[in-house]
Amino acid sequence: MKVIAVFSLKGGVGKTSVAVNLAHLLATQAKRRTLLWDLDAQGAASDLLQVEPSKKARKLFAGSGGDIEAYIVPSKWPGLDVLAADESLRKLDVQLVESQRAKLLAKRLAAVAEDYDRVVLDCPPGFGLLADQIFRAADLIVEPMTMSPLSARTNEQLAEHLTRHHKGEPPVIPVFTMVDKRRALHRETLEACPDVHAIPYSSKVEEMAVYCLPLAEIAPDAVETKEFSKLVTAVERKLTRPARPRKA
């Protein structure tokens with residue numbers, strides 16, 4: 001099992017769209033047994049996949065929370081299960097302070113390691129105790145970014161934080177979102193960063209919220225879907241390379 005954290009310091013960068021489409025294509029295209037764990041209290045990923053939480057999500061991080069399997073529900077797509085979010089996660093950082101268990105998230109994931117090939121974490125924005133638990137558990141970070149100087153700065157801050165607190169791990173795949181090639185700044189940024197995946201700005205992506213469906217179910221032949229497919233290929237390539245041992 002490999003864990004992919006879709007994380008950004010900044011909100012409003014299309015993080016949930018990336019997480020949902022990545023998880024859906026990992027299950028349907030790459031044929032990986034996939035779990036999408038929605039860790040964002042807004043629950044947007046859960047809504048997009050039309051999944052309701054079976055229990056209060058925050059209880060999973062409590063001593064009496066029970067087994068993780070009791071919180072997981074199947075989606076309508078074979079091979080894709082969901083651990084849904086709810087508003088109880090708003091106080092999760094406080095709960096993590098009280099628990100004093102730095103690897104609780106990783107421990108919960110270890111319990112389903114035989115059941116899934118890939119776990120996609122839809123993460124809330126910002127640093128905190130939950131973010132550090134995510135970084136300890138993840139094998140890879142996918143970082144959505146918009147075409148703005150602020151997003152470039154948050155990419156630098158993430159790299160600095162991982163270097164300072166996590167010995168530079170896990171590796172990061174940046175992804176530009178909401179790309180509009182009609183804008184000079186976007187064209188210049190793409191030219192300067194030709195190896196970064198770029199998801200075009202599109203009404204089709206916005207329609208995900210209207211129909212509560214992943215993009216490939218709405219527009220399977222669209223350019224945007226093909227770009228997400230390329231991202232899945234890049235993620236799989238990264239995860240299936242021989243892993244470097246983490247530094248002690």
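Strand 2 (residues 34-38) is largely enclosed by the rest of the structure, because five of its five residues are buried, where buried means under 20% relative accessible area, exposed means over 50% and partly exposed lies in between, with a 1.4 Å probe and protein chains only. The model is a predicted one, in which local features need pLDDT of at least 70 and side-chain atom pairs count only at pLDDT 80 or more, while totals for chains, interfaces and linings use all residues. Residues are numbered from 1 along each chain as its sequence is written, and side-chain values use heavy atoms, with hydrogens and water left out.

In a regular strand the side chains alternate between the two faces of the sheet. On strand 2 both faces are covered, with T34, L36 and D38 buried on one side and L35 and W37 buried on the other. W37 has L83 as its bridge partner in strand 4 and stands opposite L121 in strand 5.

Strand 6 (residues 140-145) has six of its six residues buried, and is therefore largely enclosed by the rest of the structure. L140, V142 and P144 point one way from this strand, whereas I141, E143 and M145 point the other way, and all are buried. I141 of strand 6 stands opposite A5, and E143 stands opposite P174 in strand 7.

The pairings of these strands are tabulated below; two strands pair if DSSP finds at least two bridges between them, and strands (E, at least two residues) and helices (H or I, at least four) are DSSP runs numbered from the N terminus.

| Strand pair | Bridges and direction |
|---|---|
| Strand 2 and strand 4 (residues 80-83) | Four bridges, parallel |
| Strand 2 and strand 5 (residues 118-122) | Five bridges, parallel |
| Strand 1 (residues 2-6) and strand 6 | Three bridges, parallel |
| Strand 6 and strand 7 (residues 172-179) | Five bridges, parallel |

The chain as a whole holds 10 helices and eight strands, and 51% of its 248 residues count as buried. Along its principal axes the C-alpha trace spans about 55 × 40 × 35 Å. Of the contacts (heavy atoms within 4.5 Å) with a separation of 6 or more, 74% come from residues 24 or more positions apart.
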